[in-house]
Amino acid sequence: MLREKFDAVTDDKWITSGLNVQYMQIGDTLLVQCTCGFSDWMFNLFAAKVEYDEHGTKVKAHAGFAAMWLSIRAEIEKLTFTKLVLYSQGSAIGTAIHFNYKKRFGVEPDSNAFGTPRYFAKSSEEEVKDCFTKFKRFKNRRDVVTHTPFESMGFIHVGEEIILPDVKFSERPNGFRGFIQWVLGHSQKIYRIATKKYDEKWK
């Protein structure tokens, strides 16, 4: 169930490594978490482009997210997994992990990503476009994070986009904070409501 996957990727039992990247492994699934501190925002907002080599293929990507990925690449490559569950900043880093997996093994992991920012530069579209046939991007229609960094800045999305059922205004969490969460569409509470509605729709 999709809600169970989202609950798992927003749990609080994490390994913190590299440039404050938080991940954990459950069985054959690797989970990568969202932004969890001020230092993360420094990388989130560093939207320049940087080129790096991924097992023989040079690609350009969001400089901040790429730095975080490269800080954990060696240890991720020691892990054995076949699935990815990702959220927010973790979805951007997970985009890089998915590509790395495909380049190393010639097959893709099964990836489910929530609230995914753009990671790759448009100039690398040809290099990456065929590597994300099993990468599903679940998003709330109003989620502001999924629109960043902007396409006009030269970044692209990869994989299949799946729009989650709308969370009605009356279904939002209570109070002013709940209102802001509903407007921005990216909070864990809003995604929990939306993924539950998705499961109910497709059960």
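This is a predicted model: local features need pLDDT of at least 70, side-chain atom pairs count only at pLDDT 80 or more; totals for chains, interfaces and linings use all residues.
Trainee: In which order do the strands of the open sheet run?

Mentor: The sheet is open and has seven strands, with mixed pairing. Its edge strands are S1 (15–17) and S11 (160–163), each pairing on one side only. From one strand to the next, the twist averages 20°. Reading across, the order is S1-S2-S3-S6-S7-S9-S11.

Trainee: And in which sense do S7 and S9 pair, parallel or antiparallel?

Mentor: Look at residues 110–114 for S7 and 135–139 for S9, which pair over four bridges. Ser 111 stands opposite Phe 135 in S9. The sense of the S7 and S9 pairing is parallel.

Trainee: How many charged residues are in the lining of the largest cavity?

Mentor: The count comes to one cavity of 30 Å³ or more, and the largest has a volume of about 40 Å³. Its lining is Asn 140, Arg 141, Arg 142, Pro 165, Asp 166, Val 167, Gly 185 and Ile 190. Asp and Arg count as charged, while Gly goes with the polar ones. By class, that lining has three nonpolar residues, two polar ones, and charged ones numbering three.

Methods: Residues are numbered from 1 along each chain as its sequence is written. Side-chain values use heavy atoms; hydrogens and water are left out. On a 1 Å grid over the protein atoms alone, a cavity is a set of points where a 1.4 Å probe fits but cannot get out, and a pocket is an open set with protein on both sides within 12 Å along at least five of seven lines; lining residues have an atom within 4 Å of a point. Grid points are joined across faces, edges and corners, and a volume is the space filled by probe spheres set on the points. Two strands pair if DSSP finds at least two bridges between them. Helices (H or I, at least four residues) and strands (E, at least two) are DSSP runs, numbered from the N terminus. Axes are lines fitted to C-alpha atoms, for helices over the stretch in contact, and angles run from 0 to 180 degrees between N-to-C directions.
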